Amino acid sequence: GGTIPKHDQEIGFAARRFVTSGEDCYVLLIDDLEHDRRQQINEVFDRYRSAFDRILGERREDASVHFLVNMLEAYYFADDEAITAALELTPSFDEYIGDVEEIRNPKSRLRQRLHAYNITFDEIEHGDRIMDHLQLDRILGNPKTCGSLRTLIAWCVEKMERHPHF
């Protein structure tokens with residue numbers, strides 16, 4: 001009963017092809033959580049989840065829906081040590097107080113902050129270097145922050161615990 005929107009059908013059928021290709025196959029659907037869409041998060045989640053539930057049937061638990069902030073650079077702020085080390089900053093980059101997933105425009109904020117060090121932020125060059133230094137335990141160190149990333153990681157860990165060969 002009920003119609004699944006065409007785009008959601010495409011997602012659901014692609015997920016079904018993948019999860020049925022093997023016993024240990026899982027699907028992560030990750031959408032960006034833009035600030036303007038935060039009011040619609042439950043509705044968007046329900047759409048994706050409904051498509052998975054109806055199309056995957058008994059394999060529905062092998063697909064998960066997650067939202068991350070709209071700019072990866074937000075997570076850089078959760079690990080100030082990575083920014084400091086990657087860009088060799090003196091003095092050290094200041095720790096961000098609060099939930100980095102709430103930063104409206106993290107790329108712009110990072111550009112502004114690095115301007116004080118006379119660095120023009122290049123998201124590819126500098127981003128690669130920062131990514132090499134990021135530590136997940138530091139990013140998730142405060143249990144009151146990074147809820148979206150935290151739930152994604154928890155789902156992955158649960159699947160890996162059930163299937164240690166991953």
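**Charges and salt bridges in a predicted model**

Mentor: Of the 166 residues in the protein chain, 41% are buried, where buried means under 20% relative accessible area, exposed over 50% and partly exposed in between, with a 1.4 Å probe and protein chains only. This is a predicted model, in which local features need pLDDT of at least 70 and side-chain atom pairs count only at pLDDT 80 or more, while totals for chains, interfaces and linings use all residues. Residues are numbered from 1 along each chain as its sequence is written, and side-chain values use heavy atoms, with hydrogens and water left out.

Trainee: How many helices and strands are there in the protein chain?

Mentor: The protein chain has 8 helices and 2 strands. Helices (H or I, at least four residues) and strands (E, at least two) are DSSP runs, numbered from the N terminus. Read from the N terminus, the order is α-β-α-β-α-α-α-α-α-α.

Trainee: What box do the C-alpha atoms fill?

Mentor: Roughly 60 × 40 × 30 Å, taken along the principal axes.

Trainee: Of the contacts between residues at least 6 apart in sequence, what share joins residues at least 24 apart?

Mentor: That share is 68%, a contact being heavy atoms within 4.5 Å.

Trainee: On to charges. How many salt bridges does the count come to?

Mentor: The count is 12 salt bridges, each a side-chain nitrogen of Lys or Arg within 4 Å of a carboxyl oxygen of Asp or Glu.

Trainee: Which residue meets Asp-36 in a salt bridge?

Mentor: Arg-104, with 4.0 Å from N to O. This pair links distant parts of the chain, 68 residues apart. Asp-36 sits in the loop between strand S1 (27-33) and helix H2 (41-56), and Arg-104 in the loop between helix H4 (80-87) and helix H5 (106-115).

Trainee: Are Asp-36 and Arg-104 buried or exposed?

Mentor: Both Asp-36 and Arg-104 are exposed. By contrast, Arg-59 and Asp-62 are both buried, and they form a salt bridge whose closest N and O atoms are 2.4 Å apart.

Trainee: What does Glu-81 form a salt bridge with?

Mentor: Glu-81 pairs with Arg-138, the closest N and O atoms being 3.1 Å apart. Glu-81 lies in helix H4 and Arg-138 in helix H7 (residues 136-139), so the pair ties together parts 57 residues apart in sequence. Glu-81 is partly exposed because its relative accessible area is 46%, and Arg-138 counts as partly exposed at 31%. Shared partners also join Asp-79, Glu-81 and Arg-138 into one network of salt bridges.

Trainee: Last one: how far apart are the mean positions of the positive and negative charges?

Mentor: They are 5 Å apart, for 21 positive and 32 negative charges, each placed at NZ of Lys, CZ of Arg, CG of Asp or CD of Glu.

Conventions. Lys, Arg positive; Asp, Glu negative; His and termini not counted.
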